[in-house]
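The following note sets out several points on the fold, the core and the ligand site. Please read it alongside the structure.

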Amino acid sequence: MRIPCQRVLKRVGVKGIEGGRAMDVGTGPGIFPIFLSKAIPGFRFKGIDLSPVMIDLAKKNATEAGINSRIEFEVGSAYSLPVENHSLDLLLCINTLHHLDRPVDFFNEVARSLKGEGAFVIVDFHRDASFVFIGIFNLLWKFFFGKHPKARGGFLESVRSSYTLQECLTFLKQSKLRDWKLYTRTVEMWIESTTHERRKG
Ligand SMILES: C[S@@+](CC[C@H](N)C(=O)[O-])C[C@H]1O[C@@H](n2cnc3c(N)ncnc32)[C@H](O)[C@@H]1O
């Protein structure tokens, strides 16, 4: 998971945010906020997930990483983020959008939660990716996770249940989020705030 974490860290770095209140939505085992908290100690991360099992695992991982005093994990929903209005400096949501059947409601929550100058990085698969890329990534997935029978078909299931670029574009336009860009990298789509880039440019 090191490479995916580094890619997210790089995008956060581009925005020049060096700390503050951050939230990871659909945190799973907490890999991304733990990695970012170690790389940028100024962040105070909260990771939320619908699954109490995942939250327990994330807490265990934070303890093992020696950073449980500066990171919190709690059960929570993407549709009702446990933060005050306009209080977050950074919001992450990695590989979770395809679990959400009300993406516009989630994007509205992102708009409500972020400070005016806050940043977000949302990454997920898109099901209209090239079948060549899907095939290659499926092989890689099976190579790394194929030993676990339950996980073997996980990549294809996730891609098939993800949104197309056009669907996502429509959801973003319907939402209250402003200053975003949507772009693709192989099987992934990335949705990011552009506030900081605009200011720099
Ligand atoms: C594929 S996992 C991604 C975990 C993590 N972000 C990562 O990339 O390692 C998706 C996670 O989203 C969580 N999830 C699904 N629906 C959610 C919702 N409505 N609110 C919060 N979390 C949700 C699931 O429990 C699951 O842990």
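1. A nonpolar core is here a set of buried Ala, Val, Leu, Ile, Met, Phe, Trp, Tyr and Cys residues joined through C-beta atoms within 7 Å. A residue is buried if 20 or more other C-beta atoms, placed from the backbone, lie within 10 Å of its own. The model is predicted: local features need pLDDT of at least 70, side-chain atom pairs count only at pLDDT 80 or more, and totals for chains, interfaces and linings use all residues. Residues are numbered from 1 along each chain as its sequence is written.

2. The largest nonpolar core comprises 42 residues, and L91 and L92 have the most contacts inside it. Contact requires C-beta atoms within 7 Å. Leaving aside residues up to four places away in sequence, L92 touches V8, D24, F32 and V121. Another core, of 5 residues, lies apart from the largest one and includes F125, A129, F155 and V159.

3. Of the 201 residues of the protein chain, 36% count as buried. Among contacts between residues at least 6 apart in sequence, 69% join residues at least 24 apart.

4. The ligand is surrounded by 17 residues, counted when the C-beta atom, placed from the backbone, lies within 6 Å of it. The closest are G26, G28, S51, A78 and H99.

Key. Buried ≥ 20, exposed ≤ 12 C-beta atoms within 10 Å, placed from the backbone. Contact = placed C-beta atoms within 7 Å.
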